[in-house]
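Here are some notes for a colleague who is opening this structure for the first time.

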Amino acid sequence: MRTDKQLVDEILAGATEKFSVLAERYQQQVYRFLRGMNLDHDEAADVLQSSLIRAYEKLDTIRGGERFRVWFYTIAANQARNYMRRSRRDVALDDVVLSAEDQNPGEALDRERMAALVAVALGNLSEDQRKVVLLRIYQEMPFSEVAQACGISHGNSKVIFHRALKTLARWLAPAMGRMDLDYKER
Amino acid sequence: MRCCVDDRVMIEYLEGELEGPAAAEIGQHVASCDECHTALLRLRAVRAAVADRVRDLAPPDESFWKANLESVARATWLKSEPAGVVRRGRLRKLAPMMAVAAVLLLALIGALRTGAFNPDTRRPEVAVAGADTVSAEALVDSLYMLARLAGQYQMAWRTMESIEEIGSSSDSSLYDEVEMTYPGTGNVYDALLTMEDEQVEQVLYVLASN
């Protein structure tokens, strides 16, 4: 299998049709990243498409050795930010938290309600925090790559992540207090 | 979260960012301190819930991904080249070159399907090579078959590029020679010459995606 770097080199050497291979390789994970940024399906599909087109147009700006994956996430994150700025939506965290607090004490919050709560909590993080959290937790990027994708320093990516995780823990506390603390990622 | 291990250190421990001795120290403490143990479990649960939230999103079906790739192809490499591309010229603008390349490919399809590479397997000649007229669909189908049968898309692509080189050379007799090596395909050649750009692009797309 061709590496990303080989494919990029081949595209820039004229085999432009190989961009489809790169697009196919990353379209699904970037789509999920965009959904995690609280875009609905149609919005994520639009932003994914504009990100791929942007990546193609700017392919020659990848610096030597830079990994396509991280670079592409940078583009997707920027496109998502531009999109959200154009269509600002407020998410009612309080409503969902209150809804979670209605749950009977001692009763584990069901997975569906927990997912809804997490979605709203993620939506209430700052955009930088949300980006860092998703890249780190869902995409499992090391902090060095998270920093590169977000255009921030390595240390700053850690600070933002720490603050975001603490914030999420605080917001989700009412639900977490009753949910099984052995809850494990599937 | 109030416990004896600082939040920041706890998160670094959770994220595997602490080095050996420091990680071991926190690990031992967490194992013996209920408060810190609970705090760690809570952070881990938050982390897991975030990961699940993204994974649990219903994925679009296959047709969505295929349509997306096609849309992106139409908006990118089928339409223009990105900045910084180094090549002699656009293949899609070289309809005559494409035609010669396609003739060669069709010859290869014929050879494959008539069993030229396998004397034990005699197959009927490829219909498209002897047809009076060739539709774009038939050509696409034939090229697709070529990719499947030979399993060597790279070879096919290199053939096209070598044809491009022949076409770009000033020695036009080479061009004529290529045409003459496969007599009786003038109708195919003519049909290819009349293909719209979009049809030629479709051929390229099928080749690239197989």
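**Notes on a helix pair and an interface**

1. In this predicted model, helix α2 (residues 20-32) of chain B packs against helix α3 (residues 34-55) of chain B at an angle of about 110°, and their axes lie 5 Å apart. Since angles of 65 to 115 degrees count as roughly perpendicular, α2(B) and α3(B) are therefore roughly perpendicular to each other.

2. On the α2(B) side, the contact between these helices is made by His29(B), Val30(B) and Ser32(B), while α3(B) brings Asp34(B), Cys36(B), His37(B) and Leu40(B). By class, the residues of this contact divide into 3 nonpolar, 3 polar and 1 charged.

3. Turning to the two chains, the contact takes 51 residues from chain B and 58 residues from chain A. The area buried between chain B and chain A is about 5000 Å², with carbon and sulfur atoms giving 64% of that area.

4. Between chain B and chain A the count of salt bridges is 5; Lys158(A), for instance, forms a salt bridge with Glu12(B), where the closest N and O atoms are 3.8 Å apart. Across the interface of chain B and chain A there are also 7 residue pairs in polar contact, both residues being at pLDDT 80 or more.

5. On the side of chain B that touches chain A, at least two residues each come from α1 (7-14), α3, α4 (62-75), α8 (153-168) and α11 (197-208) of chain B. The largest share of that side, 15 residues, is supplied by α3(B), and the residues of the side as a whole divide into 30 nonpolar, 7 polar and 14 charged.

Methods. Residues are numbered from 1 along each chain as its sequence is written. Chains are lettered from A and ligands numbered from 1 in the order in which they are written. This is a predicted model: local features need pLDDT of at least 70, side-chain atom pairs count only at pLDDT 80 or more; totals for chains, interfaces and linings use all residues. Side-chain values use heavy atoms; hydrogens and water are left out. Axes are lines fitted to C-alpha atoms, for helices over the stretch in contact, and angles run from 0 to 180 degrees between N-to-C directions. Helices (H or I, at least four residues) and strands (E, at least two) are DSSP runs, numbered from the N terminus. Angles under 35 degrees count as roughly parallel, over 145 as roughly antiparallel, 65 to 115 as roughly perpendicular and the rest as oblique. Contact means heavy atoms within 4.5 Å. Ala, Val, Leu, Ile, Met, Phe, Trp, Tyr, Cys and Pro count as nonpolar, Asp, Glu, Lys and Arg as charged, and the others, Gly among them, as polar. Buried area is the accessible area (1.4 Å probe) that two parts lose on being put together, summed over both. A salt bridge is a side-chain nitrogen of Lys or Arg within 4 Å of a carboxyl oxygen of Asp or Glu. A polar contact is a pair of N or O atoms within 3.5 Å; within protein, one must be able to donate a hydrogen and the other to accept it, and residues adjacent in sequence count only if both atoms are side-chain atoms.
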